[in-house]
Amino acid sequence: MVSLADLAIGEKGDIVGFTDEKLSLKLLEMGCLPGSEIMMTHQAPFGDPIAIKVSGYTLSMRKEEAATILINKK
Amino acid sequence: MSKLPKIALIGNPNAGKSSLFNSLTGMRQKTGNFPGVTMDKLTGTWEIEAHKEVEILDLPGIYSIYPKSIDEELVINILGNPAHEDYPDMAIVVADASNLKRNLLLFSQVRDLGIPTVLALNMIDVAENEGYVINSIKLARELNVEVAEMNAKKGIGMNGLKLAVNKTLANRFSSNDALPLPVEDALIDDIQAAFGEAEPYRSLLWLMEHDRMKMFSPSQREQFEALLEKHAFDPKIYKSKETVKRYELLTEVVDRCVINLNRQWDAAPVKTLTDRLDKLFLHPVGGYLFFLAILFVMFQAVFTWATYPMDAIDGGVAYLNDWLKGILPASALTGLLTDGLIAGIGGVLIFVPQIAFLFLFISLLEETGYMSRVMFIMDKLMRRFGLNGKSVVPLISGVACAVPAIMSTRSIGSRKDRLITILVTPLMSCSARLPIYTVLIALVVPEKSTLFGMFNLQGLALFILYLLGFFMALVSAYVMKLILKAKERSYFIMELPTYKGPRFKHVALTIWNSVNAFVFEAGKIIVAISIVLWVLASYGPGESMGKVAEQVKQANPNLTGIPLSNKIASEKLENSYAGHFGKFIEPAIRPLGYDWKIGIALITSFAAREVFVGTMSTIYSLGGEVEDENATIKNRMRAEINPATGKPLYDMALGFSLLIFYAFAMQCMSTLATTYRETKSWKYPLIQFSYMTALAYLSAFAVYQLLS
């Protein structure tokens, strides 16, 4: 299964689940819900951190955090 | 105390909470402190009807009731505790209508706590531009609360909000007593048996967050721990499941109440201004160049533009002093007033322009939403050194003053990252170091010399000192990263808000608060030290001070006039309390090239480094051998002769050794006090003081030995 960290800029996917229990609460609260669409929009130099579009706004996170979000690539 | 009904403003960061607060309260605002926490408490009154006022309390922006950082903890400590003096009669939850679902999460949690709540739908215009049409009447019915649509920035919709608040205040109606995600009844019963009747969600909040809530005693915490064990209840799992469940319920509500025109027409998503600006600001190359350009303008303002008001303040204080000396009789009291007190106050006020300029820039960057982009592009670099993208703001603020800089670390969620940021921020060269740098650089770096014919060497030396501070901060952070243990993992999940025009009133308020804190917090200490120093340098132990004049006359029978009184003054200083202190530590600072006079300055600087220049002028004006009373401190220091060599005392080696010492040393009681308040432990100010002093001593030692 692919994670959010595997997306290239402009690619989209649907959130399937989380691999890190501790981070998942923060991610959920920020609107990263299972089933919602997510799009990679920016990457800082060296590909980290990243910015994504989710639930209608822009959210940034580190690559290692993105790797805990499992997605279905579209 | 006022008995006005109290309304808490709650909302996500960037939802427009501060705008609403400003629209409602106008100029009727005041800042205070929350009991027991060093956090600004912003309250104001709102005239909701003719002759009827309510008190509005602005709470920190949060995404959920479950806190992730220190500033977020405050919210549950108030909302979770009905006995808290700031517990509100009702709440207004401000929601960004263009991001409704995520904003409603917090709303539903607040409502379930049993607090009567009004939902204020802000930024309706933005939502409409993005193609969302919200049926707020239906939303009000579905959520069982009063809903008001508004545009807080323009002040539109305030009448509707008044109506909704009035109704809610009259009914005191709190809607929900069911948990969104049920737990076993026995658990709630057990909590209520031990801690009293409360809404089930509030009881559950106590259970899950008891270690962050100040209302509970250690024995009560043990009780909670026992309950968690007894019922095999895992707060982490519950919170995640609860959040998902809430979103499920809210999605249904939103689907019924909001129409997305874009989806219906299948239109391509609009490219917003924010998207286009982010292309530039987050660009791998362009983003950094832009940030550097902003930093350049900022430093230009702080170090060039600010000099005009600073010169004016300096001149004003000097004029006042001369005028007072002219009209008052020459006495010890006049000396204390002019050279002690007024000089001390002047030494505080002189920094105000720089602090004001710096916070003008910082608050503009934060207001517009650009600051979070800086954090984004800097995170990777900062992380290598044990810091966090969010450490950028404290580090930049540290160039003005470490006190507000350390306070701004509260938004850093990870405790380890926050601690390291607090510990290294004072290494950034603050504005109090600037006068020391200026005086010493002028002494040891030739004024007219340039490098390659283009860079002014003095300017270059100053720039290098600032870089050195930043570099040392990074190196120290890296060492601490290896030493300190992390209890929790560092994370960087952060909203990149849409760009907005700044609210100038808010900017002005930020500047006012920072200047205020500096003048009254740091100012008190600086003035006190100036006075103590004046006393220490004017009086001495035993009767030695009184005999000095006689002894000097006997030893130098040929001296008369000014040379004689200078010789006496110099001997007096040596015999004063300050002179004894200086002599006492001289053996320890000899290897750095310092004599006992510099020793006096070092001792006084340990409370606040900005007194260095003042101390130097006190010492050399009392004991100097310069005839001209008006000679500047620079000339007086230049005239000092090293008795051992017969050459000027302030040569390259001593000058740079002192510069390095002041660049790294922890010489600020206000900063140590702030570190104590922010970490709630004496351990960290102690660590901060020790490592920085050791760093300063060893570096100054190395510099002096290499150059001499």
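1. Helices (H or I, at least four residues) and strands (E, at least two) are DSSP runs, numbered from the N terminus. The model is predicted: local features need pLDDT of at least 70, side-chain atom pairs count only at pLDDT 80 or more, and totals for chains, interfaces and linings use all residues. Residues are numbered from 1 along each chain as its sequence is written, while chains are lettered from A and ligands numbered from 1 in the order in which they are written.

2. Helix 17 of chain B (residues 370–384) carries a kink of about 55 degrees centred on B:Met378; the bend at a residue is the angle between axes fitted to the seven residues ending there and the seven starting there. B:Met378 is also among the buried residues of this helix, which include B:Arg373, B:Phe376 and B:Asp379. A residue is buried if 20 or more other C-beta atoms lie within 10 Å of its own, exposed if 12 or fewer, and partly exposed in between, with C-beta atoms placed from the backbone.

3. The cover over those buried residues comes from both chains: it includes strand 4 (50–54) and strand 5 of chain A, and helices 12, 13 and 18 and strand 12 of chain B. Two residues are in contact if their C-beta atoms, placed from the backbone, lie within 7 Å.

4. An open sheet of seven strands, with antiparallel pairing, has the order 1(A)-6(A)-2(A)-3(A)-4(A)-5(A)-12(B). Strand 1 (2–3) of chain A and strand 12 of chain B are the edges, each with a single partner strand, so one side of each has no neighbour in the sheet. Helix 17 of chain B packs on this sheet, and its direction makes about 120 degrees with that of strand 12 of chain B. Axes here are lines fitted to C-alpha atoms, for helices over the stretch in contact, and angles run from 0 to 180 degrees between N-to-C directions.

5. Strand 5 of chain A and strand 12 of chain B (residues 494–496) run antiparallel and are joined by three bridges; two strands pair if DSSP finds at least two bridges between them. A:Thr58 has B:Leu496 as its bridge partner, and A:Leu59 stands opposite B:Glu495.

6. On the chain A side, strands 4 and 5 pair in the antiparallel sense over five bridges, with A:Ile50 opposite A:Met61. Their hairpin has two residues between the strands, and A:Ser55 there takes a positive phi near 45 degrees. Five of the five residues of strand 5 of chain A are buried, so the strand is largely enclosed by the rest of the structure. A:Tyr57, A:Leu59 and A:Met61 lie on one face, and A:Thr58 and A:Ser60 on the other.

7. The contact between the chains takes 28 residues from chain A and 27 residues from chain B. Helix 1 (21–29) and strand 5 (57–61) are the elements of chain A that give two or more residues to its side, and helix 1 gives the most, with nine residues.

8. In chain B, with 32 helices and 12 strands, 44% of the 708 residues count as buried. Just after helix 31 of this chain, B:Lys680 takes a positive phi of about 55 degrees.
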